[in-house]
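I opened the model to look up a few places in it. My notes follow in the order I made them.

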Amino acid sequence: CHLNTCPVGIATQNEDLRAKFTGSADQVVLLFRRLAEEARRHIAALGARSIEELVGRADLLRPIDPRHPLSADLSAMLIASSGGKRHEGYRKIPLSDLSVRLVADSAEAIATRAPIELSYQIRNVDRTIGARLSGEITARHGSDGLPESTIVVRFEGTAGQSFGAWLCRGVDLHLAGTSNDYLGKGMGGGLISVSPRRPNGQVPQAAGNAVLYGATGGKVFLAGRVAQRFAVRNSGATAVIEGCSDHGCEYMTGGKVLVIGNVGRNFAAGMTGGVAYIWDPDLSLKAMLADTAPSARRPSDADLGDIRALVEAHHANTDSPVAAGILDDWPGQQGSFWVISASGPPREPVRVEVGEAPATG
């Protein structure tokens with residue numbers, strides 16, 4: 001979208017690309033007319049004549065299951081509101097002070113570059129932890145930040161959104177628990193590790209959507225899966241994860257990623273730089289690659305050395321049993337890795353003519 005090169009001719013003003021769009025403007029108009037018609041039915045069923053009449057009318061909502069134990073807790077929210085922050089159900093949630101405490105407790109380390117290690121409990125209302133600290137460091141020392149691992153912070157609990165966003169060099173954040181969306185967003189240095197509990201030996205969810213969105217540097221080790229749009233527009237960060245959902249490494253322009261788990265559909269769409277290593281023992285990767293993804297190839301000896309070093313670093317930072325299993329059977333696992341790098345030719349899309357059976361093998 002941002003490069004005006006949409007290959008299916010939707011999000012572009014280029015006439016040559018727009019010619020590839022097989023639909024018509026009338027179909028788009030029809031779609032939105034039908035959506036409006038369906039919305040109109042729902043509005044009428046609620047006894048209103050317009051959407052404007054429904055603004056603030058949370059009193060018209062009902063729990064799907066009134067017998068559910070959490071339904072009673074919704075009573076303060078399901079009321080008519082005149083808007084703003086004046087209605088009786090409005091509750092002001094105090095801002096987290098963890099970011100302020102983190103800066104205060106790190107003041108001497110920021111000033112003198114003396115190593116320090118801190119620990120805190122963290123909750124999901126503690127958002128963008130690490131950003132204020134990185135701002136203070138950058139204001140004093142510039143973009144070079146601090147020496148590696150000068151400030152090591154250990155958290156336990158569930159981190160709110162944007163954990164480690166805009167992290168700078170010299171700060172390590174280790175989380176024993178889980179995190180939310182946008183972990184490592186825009187980070188330029190430092191290190192983030194997340195080690196969730198592993199109930200019944202299953203691979204847990206370590207973070208949400210858009211992990212490492214727009215990152216330019218730093219290292220991330222997540223002992224679990226992440227959701228959609230992992231490492232989108234990553235241009236310099238290094239990361240190891242244990243699986244991701246759809247659109248992983250989309251528009252990636254640099255950096256290095258190792259996925260020791262399954263990936264979702266549309267992987268590496270529009271990837272123009274960097275490298276992705278994928279552990280694929282069940283041979284499911286190629287079906288998940290986008291048509292615009294670079295070709296996948298088997299690793300060279302140099303690639304295998306790089307992959308092993310990443311697996312070892314992941315195990316050292318998270319104590320991951322998946323990483324341990326790969327290392328224990330390293331000779332047998334070397335043939336299960338793929339390399340996706342934009343330095344190779346783009347992947348050829350599969351085209352099947354009508355009446356022709358697709359090729360196998």
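Leaving aside its neighbours within four places in sequence, which residues is His 247 in contact with? I found Gln 228, Arg 229, Phe 230, Val 232, Arg 265 and Asn 266; contact means heavy atoms within 4.5 Å.

I noted that this is a predicted model, where local features need pLDDT of at least 70 and side-chain atom pairs count only at pLDDT 80 or more, while totals for chains, interfaces and linings use all residues. Residues are numbered from 1 along each chain as its sequence is written, and side-chain values use heavy atoms, with hydrogens and water left out.

I placed His 247 in the loop between strand 6 (235-241) and strand 7 (253-259). Helices (H or I, at least four residues) and strands (E, at least two) are DSSP runs, numbered from the N terminus. His 247 has a relative accessible area of 10%, so it is buried (under 20% relative accessible area, with a 1.4 Å probe and protein chains only; exposed is over 50%, partly exposed in between).

Next I looked up helix 3 (residues 98-105), where the buried residues are Leu 98, Ser 99, Leu 102 and Val 103. Seen down the helix axis, these fall within an arc of 135°, so they line one face of helix 3; the arc is that of the directions from the axis to the C-beta atoms. An α-helix has 3.6 residues a turn, so residues three or four places apart point the same way.

What covers the buried residues of helix 3? I listed helix 4 (107-112), strand 1 (116-122), helix 5 (131-141) and strand 2 (151-158) among the covering elements.
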